Amino acid sequence: MKKVLLVINPVSGKLKAKVELFDVLHTMTAHAVIPTVMMTRRRGEAKDIAASCARSGKFDAIFCCGGDGTLNEVITGVVSSGERLPVGYIPAGSTNDFAAALGLPLGLPEAAASACRALNAGHSTLLDVGRFGSARHFTYVASFGAFAASSYSAPQSMKNVLGHFAYLLQGAKDFFAIKPIHVRCTTKDGRSYEDDYIFGGVTNTTSVGGIVKLDSTLVDMSDGEFEVVLVKTPKSAGELNTIVTACLTSNLKCDMIEFFKAREVKFELPRDIAWTLDGEEAHAVNPLITNLHKAAELLK
């Protein structure tokens with residue numbers, strides 16, 4: 001019998017975790033996995049729970065039932081603990097970008113069953129994790145500018161009712177308030193990019209908010225490198241249309257988009273620009289973003 005700590009964010013997505021909790025628990029016990037359940041009560045609590053769990057040595061794995069932000073907290077907690085503990089992801093958010101990119105089941109009982117089978121068989125995959133500044137981490141994206149704030153600025157009540165469509169609505173509203181951001185970006189190997197941009201993303205996924213998409217052939221989540229996307233400021237309706245089409249069709253050869261891979265990248269941009277890490281707001285002055293190669297172990 002395997003012992004697992006199951007961390008649940010009860011307000012994720014359309015409250016699916018609450019509605020389907022019994023089915024998840026039944027599925028886990030049917031696979032000879034014994035869960036200890038903890039529900040989060042505040043933002044950031046999953047990180048503390050995961051770190052304590054990893055250090056305790058009492059569990060064979062930690063399962064996360066919530067959205068991408070909850071997964072971020074759990075992986076951050078495990079990585080910051082200095083211990084290695086497998087993580088099982090049961091996606092219950094509004095968008096579940098990362099789960100889709102990983103090819104995980106999106107139904108809660110199905111995802112629980114998949115994680116249990118992987119745990120019992122000893123199957124896992126090592127994933128890169130991003131370090132943002134000195135203390136924050138992200139699993140699949142650190143971004144700023146247009147659409148970046150949609151995931152945390154959309155009201156939770158709207159997300160619970162409308163799900164992924166809430167992000168699209170919020171993103172559309174944000175688009176009409178776009179302001180150019182002057183950014184200088186340098187990589188560890190000496191490459192430099194400087195211009196006025198409306199979006200910047202350091203990614204390890206094929207989709208950001210279902211809006212900015214990368215071709216799966218370009219993305220390897222454990223190669224030690226990020227995919228960096230910088231979208232230039234449009235100066236006409238035609239350029240704006242070109243950007244929107246390029247983002248939705250993964251056309252990274254567009255003249256309005258800078259795309260490159262990097263292990264480490266430093267940004268210089270105005271102090272008042274907020275970032276989002278896996279859907280959660282973050283602030284930093286000229287952050288250094290570093291790839292922690294194969295730092296997380298995901299049951300898959």
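## Helix α10

The buried residues of α10 are Ile-243, Ala-246 and Cys-247. Viewed down the axis of α10, these buried residues fall within an arc of 100°, so they line one face of the helix (the arc being that of the directions from the helix axis to the C-beta atoms).

Helix α10 covers residues 237-249, 13 residues in total, and its first and last C-alpha are 18 Å apart, close to the 18 Å expected at 1.5 Å a residue (the expected span being 1.5 Å times one less than the number of residues). Ser-250, which follows α10, has a positive phi, near 60°.

## Basis and confidence

This is a predicted model, in which local features need pLDDT of at least 70 and side-chain atom pairs count only at pLDDT 80 or more, while totals for chains, interfaces and linings use all residues. Residues are numbered from 1 along each chain as its sequence is written, and side-chain values use heavy atoms, with hydrogens and water left out.

The chain averages a pLDDT of 85, and 85% of the residues score at least 70 (pLDDT is the predictor's confidence in each residue, from 0 to 100). Over residues 150-170 the pLDDT is below 50, although this stretch has 48 contacts in the model beyond near neighbours in sequence (a contact meaning heavy atoms within 4.5 Å). Where pLDDT is low, the predicted coordinates should not be read in detail.

## Chain overview

The chain has 10 helices and 17 strands, taken as DSSP runs numbered from the N terminus, with helices being H or I of at least four residues and strands E of at least two. Of its 300 residues, 54% count as buried, and among contacts between residues at least 6 apart in sequence, 75% join residues at least 24 apart.

## Nonpolar cores

The largest nonpolar core has 42 residues, of which Ile-62 and Val-87 touch the most other members (such a core is a set of buried Ala, Val, Leu, Ile, Met, Phe, Trp, Tyr and Cys residues joined through side-chain atoms within 4.5 Å). Leaving aside neighbours within four places in sequence, the contacts of Ile-62 include Val-4, Leu-5, Cys-53, Val-78 and Val-87. A second, separate core of 23 residues includes Val-228, Leu-230, Phe-260 and Val-265.

Note on methods
Buried means under 20% relative accessible area, exposed over 50%, partly exposed in between (1.4 Å probe, protein chains only).
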